[in-house]
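User: I would like to go through the labels attached to this model and hear what each one rests on. Please set the values against the cut-offs.

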Amino acid sequence: MPKMKTKRGAAKRFIVRGSGSIKRGQAFKRHILTKKTTKNKRQLRGTTAVHKADVSAVRSMLPFA
């Protein structure tokens with residue numbers, strides 16, 4: 001049986017909180033920002049939690065988190 005390995009791309013994108021929820025960064029804030037409104041860009045700041053439908057997929061990529 002081979003070793004279990006963490007998906008390194010996922011490890012760079014997600015952080016498991018102490019409560020068990022998973023934190024992620026906001027998308028759509030990297031480029032093509034001129035056509036986005038100031039309000040939209042402001043609301044994309046910071047982090048948010050991973051949706052509960054995606055939590056199991058993220059957990060399988062982070063077996064040791």
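User: What makes β1 and β2 count as paired strands?

Analyst: In this predicted model, β1 and β2 are joined by three bridges and run antiparallel. Pairing requires at least two bridges found by DSSP, so three bridges between β1 and β2 meet the criterion. Within the pair, I15 has K23 of β2 as its bridge partner. The hairpin of β1 and β2 has five residues between the strands, and G20 in that hairpin takes a positive phi near 105°.

User: How do you know that β2 and β3 are paired?

Analyst: The test is again at least two bridges. Three bridges link β2 and β3, in the antiparallel sense, so the two strands pair. One of the bridge partners is T47 in β3, which faces G25.

User: Why are β1 and β3 called edge strands?

Analyst: The sheet is open and has three strands in the order β1-β2-β3, with antiparallel pairing. β1 (14–16) and β3 (47–49) each have a single partner strand, so one side of each has no neighbour in the sheet. On average, neighbouring strands of this sheet are turned by 30° against each other, direction ignored.

User: Why is F28 called exposed, while I32 is called partly exposed?

Analyst: F28 has 66% relative accessibility, so F28 counts as exposed. I32 has a relative accessible area of 46% and therefore counts as partly exposed. F28 lies in the loop between β2 and α2, and I32 is found in that loop as well.

User: What is the phi of F28, and what is the phi of I32?

Analyst: F28 has a positive phi of about 70° although F28 is not a glycine. I32 is likewise a residue other than glycine, with a positive phi near 55°.

User: Is K29 buried, partly exposed or exposed, and why?

Analyst: The relative accessible area of K29 is 31%. Buried would need a value under 20% and exposed a value over 50%, so K29 is partly exposed. K29 sits in the loop between β2 (22–25) and α2 (38–43).

User: Which residues are in contact with K29, leaving aside its neighbours within four places in sequence?

Analyst: K29 is in contact with K41, L44 and R45. Contact means heavy atoms within 4.5 Å. For K29 and L44, which are 15 residues apart along the chain, the C-alpha atoms are separated by 6.7 Å.

User: What makes G9 partly exposed?

Analyst: G9 has 31% relative accessibility. G9 belongs to helix α1 (residues 8–13). Its C-alpha atom and that of L62, 53 residues along the chain from G9, are separated by 10.0 Å.

User: How does the radius of gyration of the protein chain stand against that of a compact globule?

Analyst: A compact globule of 65 residues would have a radius of gyration near 11 Å, but the protein chain has 15 Å. Along its principal axes, the C-alpha trace spans about 50 × 25 × 20 Å. Buried residues make up 11% of the 65 residues.

Key. Residues are numbered from 1 along each chain as its sequence is written. This is a predicted model: local features need pLDDT of at least 70, side-chain atom pairs count only at pLDDT 80 or more; totals for chains, interfaces and linings use all residues. Side-chain values use heavy atoms; hydrogens and water are left out. Helices (H or I, at least four residues) and strands (E, at least two) are DSSP runs, numbered from the N terminus. Buried means under 20% relative accessible area, exposed over 50%, partly exposed in between (1.4 Å probe, protein chains only). Axes are lines fitted to C-alpha atoms, for helices over the stretch in contact, and angles run from 0 to 180 degrees between N-to-C directions. The radius of gyration is taken over C-alpha atoms; the globule rule is 2.2 Å times the number of residues to the power 0.38.
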